[in-house]
Amino acid sequence: MNKVLIPALFLFLIFLQSCSPALDAGEVNLDNWKADRYGCKGLRMQDLEKFRAIKNEFLGADNQSIIKTFGRPDRVELVDKSQSFFFYFLEPSEACEGVEKEKEPLRVLFRMNAISKVSEITITNLNP
């Protein structure tokens, strides 16, 4: 009996974790956010102050909720086994056509800890 119950419980827990809901982003226009890959269109910059006001509400959210809310990150960087970063560019990045790299573009960094939960959110021009 236990040989069947333990794997079933394990699968149920995985299922529950995979059902992460999208988060409430307040007045941030998520359609514009998702449509502005690499910040090429400048749509994300329109909501910078709205995002800045609510950014700390995303602390503790899991990575799947962030993806469901803001769309696929522009870049994911694995720093070591215990942390990674999701990049969302606010200003046009080097991936945009016709953009010459004069300075590092403004971006939102979601730092994920070892259990894929947001531990820090930063709006910066610097790389982690």
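Student: What's the torsion about the S-S bond of Cys 40 and Cys 96?
Tutor: The torsion is about -95 degrees, so the disulfide formed by Cys 40 and Cys 96 is left-handed. A disulfide here is a pair of cysteine sulfur atoms within 2.5 Å, and the sulfur atoms of Cys 40 and Cys 96 are 1.9 Å apart. This is a predicted model, in which local features need pLDDT of at least 70 and side-chain atom pairs count only at pLDDT 80 or more, while totals for chains, interfaces and linings use all residues. Residues are numbered from 1 along each chain as its sequence is written, and side-chain values use heavy atoms, with hydrogens and water left out.

Student: How many disulfides does a search of the whole structure find?
Tutor: The search finds one. Cys 40 lies in the loop between α2 (30-35) and α3, and Cys 96 in the loop between β2 and β3, so the pair ties together parts that are 56 residues apart in sequence. Helices (H or I, at least four residues) and strands (E, at least two) are DSSP runs, numbered from the N terminus.

Student: And is Cys 96 buried or exposed?
Tutor: Cys 96 counts as buried at 6% relative accessibility, whereas Cys 40, at 36%, counts as partly exposed. Buried means under 20% relative accessible area and exposed over 50%, with partly exposed in between (1.4 Å probe, protein chains only).

Student: Let's step back: in what order do the elements of the protein chain run?
Tutor: From the N terminus on they run α-α-α-α-β-β-β-β, which gives four helices and four strands. Of the 128 residues of the protein chain, 35% count as buried.

Student: Which residues touch the most other members of the largest nonpolar core?
Tutor: They are Phe 51, Phe 58, Ile 66, Val 108 and Phe 110, out of 20 residues in that core. At least two core residues come from each of α3 (48-54), α4 (63-70), β2 (83-89), β3 (107-112) and β4 (118-124). A nonpolar core is a set of buried Ala, Val, Leu, Ile, Met, Phe, Trp, Tyr and Cys residues joined through side-chain atoms within 4.5 Å.

Student: What does Phe 58 touch?
Tutor: Not counting residues up to four places away in sequence, the contacts of Phe 58 (heavy atoms within 4.5 Å) include Leu 23, Phe 51, Ile 66, Phe 70, Phe 110 and Ile 121.

Student: How many aromatic pairs are there?
Tutor: The count comes to twelve. Among them, Trp 33 and Phe 70 form a tilted pair, 5.1 Å centre to centre with 55 degrees between the planes, and this pair links helix α2 to helix α4 across 37 residues. Rings of Phe, Tyr and Trp (its six-membered ring) pair if their centres lie within 6.5 Å, and planes under 30 degrees apart count as stacked, over 60 as edge-to-face and the rest as tilted.

Student: What's the relative accessible area of Phe 70?
Tutor: The value for Phe 70 is 0%, so this residue is buried. Phe 70 also forms a tilted pair with Phe 110, 5.7 Å centre to centre with 40 degrees between the planes, and this second pair joins helix α4 to strand β3, 40 residues apart. Trp 33, Phe 51, Phe 58, Phe 70, Tyr 88 and Phe 110 form one aromatic cluster.

Student: Last one: where is Val 28 found?
Tutor: Val 28 is found in the loop between α1 (2-18) and α2, where its relative accessible area is 7% and it counts as buried. Val 28 and Lys 50 are 22 residues apart in sequence, but their C-alpha atoms are 6.0 Å apart in space.
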